[in-house]
Amino acid sequence: MRGDAELTVGLLGAGMIAGVHARAYRHCPGVRLVAVADPVPGKAGRIAGEHGAKVVPDLDALLDLGVDVVDVCTPPTAHADATIAALRAGRHVLCEKPITRTMDEARRVLAAAEAAPGLLSIGQVARYGPDHRLARDLAVSGDIGLVRMVSHSTTTSLPGWSEAGWLADATTSGGPLLDQGVHGFDYARWVIGSPAVRVHCMAAGSGAGEPTYTLATVRYENGSIAHVECSWAHPASRGFKLRAEIVGTEGRLSWDYDHMMGGVLHAREGGAEWWDVLGDREFVLELGAFFAACRDGGPPPVPAAEAVESLRTALAALESARTGKTIDLTTWELG
């Protein structure tokens, strides 16, 4: 594919994150959203109408249009089949995190990615936050010595934007440890650069479900540790809070922010309009890197194998929270 060739995109799913992706395409030169598919009547039309795209019924229809890229923004229980079908059809695929809901599904996706001509990248968007990326670059450069600990905390209220409340159904979403915590597990592994070997997690329930407040500690092969906190049990009025820290033998990096939205416009008429930091920063950078890789022939920005490792750590944390036991990742397997 030529470096200046247009890339056409088919968007599978039309929920909140799909809308963020669609807005980010506008900032990616040479990228055109062709069609949107979603099983819920009306949802695909809202995004398609905003971006001049078609509405189609399903993945097969997206593939029939000959799109270059399929962007999978469905609930995680639907990731595997859609991703595998698109890869087997010869398309590039960006799949939202987590890569799948189970390890069996993840192994199937990994095998399909290894055999396919197209690229598969997973939407671990935390890698693209300017603060997260700068901190990681400084840590990897050795500016703070040998990294010994990474701490990553994201706390908010129960997300209310999922269709029919699927995020609140742990069998579909995995709860905050999988939906939200997988960002922390992925980021820590990316910074530390060594495989996770042991996980211990404690969790508590709340009115938002079981478990919705979690603390996980991860040991890595090189001796480093990570502390990952996530919660859907905080007051809605508090909004989204992130705190992160990287501690090395020669220094410490830390940063935080209080909300996913970066600013607000209060117009004389009508309600408030929030500016979406995610749509304006992280997702534009993430999608831009993926589209560049598609044009250049790879490698994918977030390889499937790395996403499988983050999924396995998150699922081990869930198992630890359920049993109260430390999980040895050098021997543990789960379907």
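Modeller: Helices and strands here are DSSP runs numbered from the N terminus, with at least four residues in state H or I for a helix and at least two in state E for a strand. The model under discussion is a predicted one.

Colleague: Where is the place of Ala-164?

Modeller: Ala-164 sits in the loop that runs between β7 (147–155) and α7 (170–173).

Colleague: What is the phi of Ala-164?

Modeller: Most residues other than glycine have a negative phi. Ala-164 has a phi near 55°, which is positive although the residue is not glycine.

Colleague: Is Ala-164 buried or exposed?

Modeller: The cut-off for exposed is over 50% relative accessible area. Ala-164 is exposed because its relative accessible area is 81%.

Colleague: In what order do the seven strands of the open sheet stand?

Modeller: Strands of a sheet pair through backbone hydrogen bonds, either parallel or antiparallel. In this open sheet the order is β12-β11-β7-β10-β9-β8-β15, and the pairing is mixed. At the edges stand β12 (251–257) and β15 (327–328), each of which pairs on one side only.

Colleague: In what sense do β7 and β10 pair?

Modeller: The pairing of β7 with β10 (residues 225–231) is parallel and extends over seven bridges. As one example, Thr-154 has Cys-230 of β10 as its bridge partner.

Colleague: How many helices and strands has the chain?

Modeller: There are 12 helices and 15 strands in the chain. Its radius of gyration is 20 Å, close to the 20 Å given by the globule rule for 335 residues, so the chain is as compact as a globular protein of that length. Along the principal axes, the C-alpha atoms fill a box of roughly 55 × 50 × 40 Å.

Colleague: What percentage of the 335 residues count as buried?

Modeller: Of the 335 residues, 53% count as buried. The chain exposes about 14,400 Å², of which carbon and sulfur atoms supply 54%. Among contacts with a separation of 6 or more, 68% involve residues 24 or more positions apart.

Colleague: How far apart are the mean positions of the positive and negative charges?

Modeller: The chain has 30 positive and 40 negative charges, and their mean positions are 2 Å apart.

Notes: Residues numbered from 1 in each chain as written. Predicted model: local features only at pLDDT ≥ 70, side-chain atom pairs only at ≥ 80, totals over all residues. Heavy atoms only, no water. Buried < 20%, exposed > 50% of the residue type's maximum accessible area, 1.4 Å probe, protein only. Rg over C-alpha atoms; globule rule 2.2 N^0.38 Å. Contact = heavy atoms within 4.5 Å. Areas by Shrake-Rupley, 256 points an atom, 1.4 Å probe, with all protein chains shown as cover. Lys, Arg positive; Asp, Glu negative; His and termini not counted. Charge placed at Lys NZ, Arg CZ, Asp CG, Glu CD. Pairing = 2+ DSSP bridges.
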